[in-house]
Amino acid sequence: MIIHSSPKRSVRILILGGRGVGKTSLILSLVSEEFLEDVPPKAEEITIPAEITPELVPTNIVDYSALELSEDQLQDELHRAHVVCLVYSVIDEDSLAAITNYWIPLIRGTLPLVKMPIVLVGNKADLINYSTTDAALNIMSTYPEVESFIECSAKTLHNISEMFYYAQKAVLHPMAPIYMPEKQDLTDECKEALARIFKICDLDNNGVLDDHELNVFQCRCFESPLRPEALNDVKAILGKNIKGGLNEDDFITLKGFQFLHCLFMQRGRSHTVWAVLRKFGYTNDLHLSKDILYPCLNVPVGCSVELTHKGQQFLSNLFDKYDRDNDAALSPAELNSLLSVCPEPPWTGELRNMVCTNQQGWLNQHGWLCYWTLTTMFDVETTLEYLAYFGYLYHHDRETQLTAVQVTREKKLDLLKKQSTRNVYVCHVIGAKSAGKTELCRSHIGVTSAENGTNPHLAQAEPQYTINTVQVYGQEKFLILKDIDITNVREPLSPSDVNCDVACLVYDVSNSRSFEYIAKVYLKYFVGSHVPVMIVSNKSDLTAVSQDYICQPNLFCDNNRLPQPHDFSSRKGSQKELFIKLATMAAFPPKTILSLCSQPEWCSGQGGMLPTLRSRVQSMEVTIVILDDYAIPTLILRGNWV
């Protein structure tokens, strides 16, 4: 649903002016719809119900009397007011001069940081046969806070209701943020907002709004399409008044789009411009409403957040829209164009350190979806915020961006059912410094050890996360690797360092002191936990040395009922089987993993392994996992140990 974002739920109008100009008479004439000869010095505060106001907003009208209000009370009323009606008498030149000599300086001095909108009101117009319009226009050109001017008569009721309508409009559809009367032009902030709206509405990203796109825009903002004759009139106005407002096919350009809104302002139709801005979530300060950027999403403890199919489809379509050359990657220019609807890029540093890119380091669609999957998992507010910037609400009428994400079920239910319904899993990669964690993580996105050493972009800031997809039983799952930074092996890990779906403990086979650290980490943090653990013997292309620990890695894994260490080397090219195993362990979290190995004979149940295990297990469930891509049979045993 495209949400109105009007920041005011009521309007408070303060009526100011010198003695005898008819302030109280104007208020009483509005309320009683007749002129009262016997007028009190000051009218009581009046509240007009929302249902009888043009803007359907409750309105309070406050009268000012110098006899009854002190200067401090006047200043207090100015701070509470949303708009001021400055009244002068058209038959009293001194009251007109006081507008600029006294009243406007008083308002500015009381509210130095606020540009209070002012409606200039010339009362007693029934007593003259001329107009003070020229003098009023001079005031408006000098003081930009004076948004409108009207001559009226409390006695004849001429323009009385219009006066209060203008006051309401000055609050609900303020001119100052979007238009500069002295320059007869839109403000830079308004032009920027309209440029973003134009890009969102330009569905094919060809730089113009064709007739279909213009009608979609018209329906979204005003709930009805343009009649053909009205559309022709719009184009005729653009063709006549501004060069470059239409392209050679008579479609509307950004220049023409902005000119139309400027024309609305020049014709006193600020409400039309604000209707467009608010349909796209803008508040009076021309920022997107926080209610739209951050819709309330409750994520219970133990649950995570993922993109829905609708969210993925929107992001994929957005990528395709800005991939102008259809090369399945966003060049720097294309990426800048996509992000031009946002205040700043959502990421810092090089994306190629986190997701897959093409050979030039340009973001491809797979990497684009991986990035937003990662962001949704760890910072869903940013995902919701940028979906709003990208125009999700415009493309999904009557829906918020909450339909683009979903909250998973609690992890403890996954453990009870021994199966996860999630599509995104987080693996923490833990090991001492120089164990090769970063190279392992980067190999997950196809970066080899040689590239790590030679590519200057990859040699910059160390990434904390890498994300890619893997196949688990033929289903695509996202696996996020988090490189846990270890600055000092003597420092304890934090709870957030060990809270994950699966842990990958890495040691360097060529360093005799490397295994000791992860062995101690396992015994301190993971024994008895529900987190599956895989130990990786990294740099397996190097000569393995005996580990300086009470037992060697193979025996340690046997003693602790862990899978045997997985040999890994980033120099050997693609080794996807490690990441498939990690994702499979996360997707099917066992109470106890007895064995996860790549020895075919273990799966037959022959020999000493399986009978020995049966003798120690009270009840046992056997699952044979065949990893089709690599034809590696894998045995997972779950059971309660005696």
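**Entry 1. Largest pocket**

I looked up the largest pocket of this predicted model and recorded a volume of about 570 Å³. For this search I took a 1 Å grid over the protein atoms alone, where a pocket is an open set of points with protein on both sides within 12 Å along at least five of seven lines, and lining residues have an atom within 4 Å of a point. Grid points are joined across faces, edges and corners, and the volume is the space filled by probe spheres set on the points.

I found 26 lining residues, of which C303, M377, R422, N499 and C500 are the closest to the pocket centre. I then listed the elements that give two or more residues to this lining: α14, α17 (411-417), β15 (424-430) and α20 (495-498). The largest share, three residues, comes from α14. These labels are DSSP runs numbered from the N terminus, with helices as H or I of at least four residues and strands as E of at least two. By class I noted 14 nonpolar, seven polar and five charged residues in the lining. Here Ala, Val, Leu, Ile, Met, Phe, Trp, Tyr, Cys and Pro count as nonpolar, Asp, Glu, Lys and Arg as charged, and the others, Gly among them, as polar.

*Conventions.* Residues are numbered from 1 along each chain as its sequence is written. Local features need pLDDT of at least 70, side-chain atom pairs count only at pLDDT 80 or more, and totals for chains, interfaces and linings use all residues, while side-chain values use heavy atoms, with hydrogens and water left out.

**Entry 2. Cavities**

I looked up the cavities (sets of points where a 1.4 Å probe fits but cannot get out) and found three of 30 Å³ or more. I listed its lining as K411, D414, L415, S420, R422, Y425, D501, H530, V531, P532, A586 and P589. Helix α17 gives the most to this lining, with three residues. By class, I noted six nonpolar, two polar and four charged residues.

**Entry 3. Helix α14 and T373**

I returned to α14 (residues 365-378) for T373, which is found in this helix. T373 counts as buried because its relative accessibility is 4%, the limits being under 20% relative accessible area for buried, over 50% for exposed and partly exposed in between (1.4 Å probe, protein chains only). Leaving aside neighbours within four places in sequence, I found T373 in contact (heavy atoms within 4.5 Å) with L307, V424, I467 and F478.

**Entry 4. Nonpolar cores**

I looked up the nonpolar cores, each a set of buried Ala, Val, Leu, Ile, Met, Phe, Trp, Tyr and Cys residues joined through side-chain atoms within 4.5 Å. The largest has 81 residues, and I178, I197, F217, L277, F280, W368 and F390 touch the most other members. I followed W368, which touches L315, L318, F319, L338, W347, L363 and F390, not counting residues up to four places away in sequence. Apart from this core lies another, of 29 residues, with L14, Y64, L78 and A136 among them.

**Entry 5. Helix α21**

I checked the length of α21 (residues 514-526): its 13 residues at 1.5 Å a residue should span 18 Å, and the end C-alpha atoms are 18 Å apart, so the two agree. The expected span is 1.5 Å times one less than the number of residues. I noted S514, F515, E516, Y517, I518, A519, V521, Y522 and F526 as buried. The buried residues of α21 pack against β15, α20, β18 (502-508), β19 (533-538) and α22 (553-559). Just after the helix, G528 takes a positive phi of about 85°.

I looked up L286, whose phi is near 60°, a positive value in a residue other than glycine. L286 lies in the loop between α10 (270-279) and α11 (290-293), and counts as buried because its relative accessibility is 10%. S434 is not a glycine and has a positive phi of about 75°; I placed S434 in the loop between β15 and α18 (437-443).

**Entry 6. Whole chain**

I recorded 24 helices and 22 strands for the protein chain. Buried residues make up 53% of its 642 residues. Among contacts between residues at least 6 apart in sequence, 69% join residues at least 24 apart.
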